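This report covers helix packing and nonpolar cores. The sequence and structure are shown first.

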Amino acid sequence: MKTNRRNFLRTAAAASAGALTAGAVSSCTNVAETTGAMPEIKAAALASHSQTFNMTGYGAPPLEKVRVGFIGLGMRGPGAVERMAHIEGVEIAALCDKYGDRVDGVQSMLAKFGLPQAKSFSGTEEAWKGLCEDPDIDLVYICTPWAWHTPMAVYAMECGKHAASEVPAAITVEQCWQLVETSERTKRHCMQLENCCYDFFELLTLNMARQGLFGEIIHGEGAYIHDLRFLNFDKNGYADMWRLKENQRNGNLYPTHGLGPVCQVMNINRGDRMDYLTSVSSGDFQMRAELEALAAEDPFYNQYTGKAYRGNMNTTVVKTSLGRTIMIQHDVTSPRPYSRIHLVSGTKGIASKWPSPQRIALGHSWTSPEEFKALEKQYTPEIVKRVGEMAKEIGGHGGMDFIMDWRLIDCLRNGLPIDQDVYDAALWSVITPLSEWSVANRSSSIDVPDFTCGAWKANIPVDPNLLTGGNTGVKGIKGSSNQLEV
Ligand SMILES: NC(=O)c1ccc[n+]([C@@H]2O[C@H](COP(=O)([O-])OP(=O)(O)OC[C@H]3O[C@@H](n4cnc5c(N)ncnc54)[C@H](O)[C@@H]3O)[C@@H](O)[C@H]2O)c1
């Protein structure tokens with residue numbers, strides 16, 4: 001029989017009617033809504049902006065002395081005060097926490113070190129504004145819960161201070177733009193305190209990439225895989241349970257530790273840019289169930305039951321303008337060993353930090369421990385040679401926190417551009433809302449805003465070799481918890 005379009009349609013209709021009559025075949029049509037959820041995130045991601053001043057490469061007027069005010073003195077803040085006290089030219093000028101006893105605790109620490117008392121701000125959720133307004137402060141260092149980072153950094157810049165914020169610097173697309181636009185308008189630095197960019201293997205691989213050891217960079221991987229249940233569910237852990245509440249968003253909630261070092265290797269915002277991303281989350285296999293179990297024992301947890309929590313594992317994949325890919329994972333619930341992955345793969349070789357041991361390969365096999373040692377010696381960057389050993393003694397995640405603080409102060413004292421500027425802060429943080437949108441929309445892709453508004457094509461990459469600056473000294477402190485003697 002000659003098959004023509006009319007015959008075909010007739011046959012198909014008959015077959016379909018037969019199937020319906022028999023009732024034996026169920027429909028498998030799946031017309032899922034793919035881009036309808038969270039339209040406000042998509043709209044913010046696509047909104048147009050323009051650059052008024054390029055903060056990349058900009059060095060603010062040099063400060064001989066850097067007077068630092070700290071906001072947030074919970075688990076993270078006091079260590080930052082102690083590290084800063086070791087840096088030449090730093091004055092611990094002011095301390096703020098909404099809980100006064102936390103400020104008093106750090107004042108006692110200063111007294112133990114033989115350092116003068118700092119100004120105190122506490123008692124209300126808004127007391128930090130007084131610290132930002134204080135004319136005797138140059139840098140506001142923020143270690144508060146995530147939701148406070150952008151309001152505090154923006155207000156600090158509006159008050160003429162440089163701002164350094166713990167990670168992530170922002171939690172919405174709009175906040176990311178607010179940071180960028182405020183920094184450009186006020187010409188104040190806004191640095192995200194991404195300490196992992198200053199870890200030893202990450203700095204080594206950055207220098208190796210700069211010297212061409214890996215060839216052209218093709219792919220990178222980073223992660224924050226850290227079983228934090230012991231803190232997230234603990235009534236005495238994070239202040240007012242703020243981090244547990246943040247886990248009611250479903251996406252990659254803490255992308256910057258894994259992402260920052262990979263972005264620096266790839267010169268993102270400085271020669272390449274993120275184009276789009278897609279993200280998928282597993283189901284929540286533990287959080288809701290664990291909270292229900294806790295509530296059965298302790299009514300305090302009732303307020304956290306019956307709610308949706310993020311999936312255990314989020315995997316986000318970014319495509320860059322130069323055609324590279326970046327994978328970033330987030331899982332702070334599943335019982336598994338810590339990992340930020342830190343994998344860098346190029347046309348000539350690969351580096352991988354986790355699962356340990358940290359390794360390099362320049363072909364089919366990983367280098368031997370002896371070959372690795374030789375490469376390490378050859379490629380250790382100047383910043384590690386200058387302060388690496390002292391940083392290990394002062395500490396802070398094995399020393400990386402101190403290298404970060406020292407570099408920030410050295411840049412401010414020498415009037416140099418900072419390594420992680422406001423565009424990095426915005427870009428590394430924006431992964432959270434964009435991944436949230438993608439997860440809510442069956443992993444559809446979403447464009448990543450270009451916070452540099454095109455300046456990425458000419459911006460100069462970060463160099464770990466201290467071609468300028470590097471002359472800030474490090475001090476020993478009597479009574480400090482570390483052993484440093486200088
Ligand atoms: N980079 C890292 O390696 C690293 C490590 C740990 C924590 N962090 C980050 O540091 C930040 C703080 O974490 P944490 O573990 O110290 O949490 P935390 O809950 O122990 O401390 C937060 C502190 O902020 C204070 N605070 C809250 N709201 C305030 C307000 N309005 N004004 C003044 N103080 C306020 C709280 O009272 C508390 O003391 C978070 O952003 C976290 O993600 C980063």
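## Helices α8 and α11

In this predicted model, α8 passes α11 in a right-handed crossing. Helix α8 spans residues 200-210 and helix α11 spans residues 256-266; the two pack at an angle of about 15 degrees, with their axes 9 Å apart. Angles under 35 degrees count as roughly parallel, and α8 and α11 are therefore roughly parallel to each other.

On the α8 side the contact involves E202, T205, L206 and A209, which meet P261, Q264 and V265 in α11. Sorted by class, this contact of α8 with α11 has four nonpolar residues, two polar and one charged.

## Nonpolar cores

The largest nonpolar core has 117 residues, of which F70, V140, A153, L179 and A426 touch the most other members. Helix α16 (residues 422-440) supplies the largest share of this core, 10 residues.

Apart from neighbours within four places in sequence, F70 is in contact with G77, A80, V81, L95, C96, Y141 and C143. There is also a second, separate core of five residues, among them L244, M287, L291 and Y304.

## Helices α2 and α16

Helix α2 (residues 39-46) packs with α16 at an angle of about 130 degrees, their axes 9 Å apart. α2 and α16 are therefore oblique to each other, and α2 passes α16 in a left-handed crossing.

From α2, I41, K42 and A45 take part in the contact; from α16, the residues are P433, L434, E436 and W437. The contact of α2 with α16 divides into five nonpolar residues, no polar and two charged.

Conventions
Residues are numbered from 1 along each chain as its sequence is written. This is a predicted model: local features need pLDDT of at least 70, side-chain atom pairs count only at pLDDT 80 or more; totals for chains, interfaces and linings use all residues. Axes are lines fitted to C-alpha atoms, for helices over the stretch in contact, and angles run from 0 to 180 degrees between N-to-C directions. Helices (H or I, at least four residues) and strands (E, at least two) are DSSP runs, numbered from the N terminus. Angles under 35 degrees count as roughly parallel, over 145 as roughly antiparallel, 65 to 115 as roughly perpendicular and the rest as oblique. A crossing is left-handed if the near helix is turned anticlockwise from the far one by less than a right angle, and right-handed if clockwise. Two residues are in contact if their C-beta atoms, placed from the backbone, lie within 7 Å. Ala, Val, Leu, Ile, Met, Phe, Trp, Tyr, Cys and Pro count as nonpolar, Asp, Glu, Lys and Arg as charged, and the others, Gly among them, as polar. A nonpolar core is a set of buried Ala, Val, Leu, Ile, Met, Phe, Trp, Tyr and Cys residues joined through C-beta atoms within 7 Å. A residue is buried if 20 or more other C-beta atoms lie within 10 Å of its own, exposed if 12 or fewer, and partly exposed in between; C-beta atoms are placed from the backbone.
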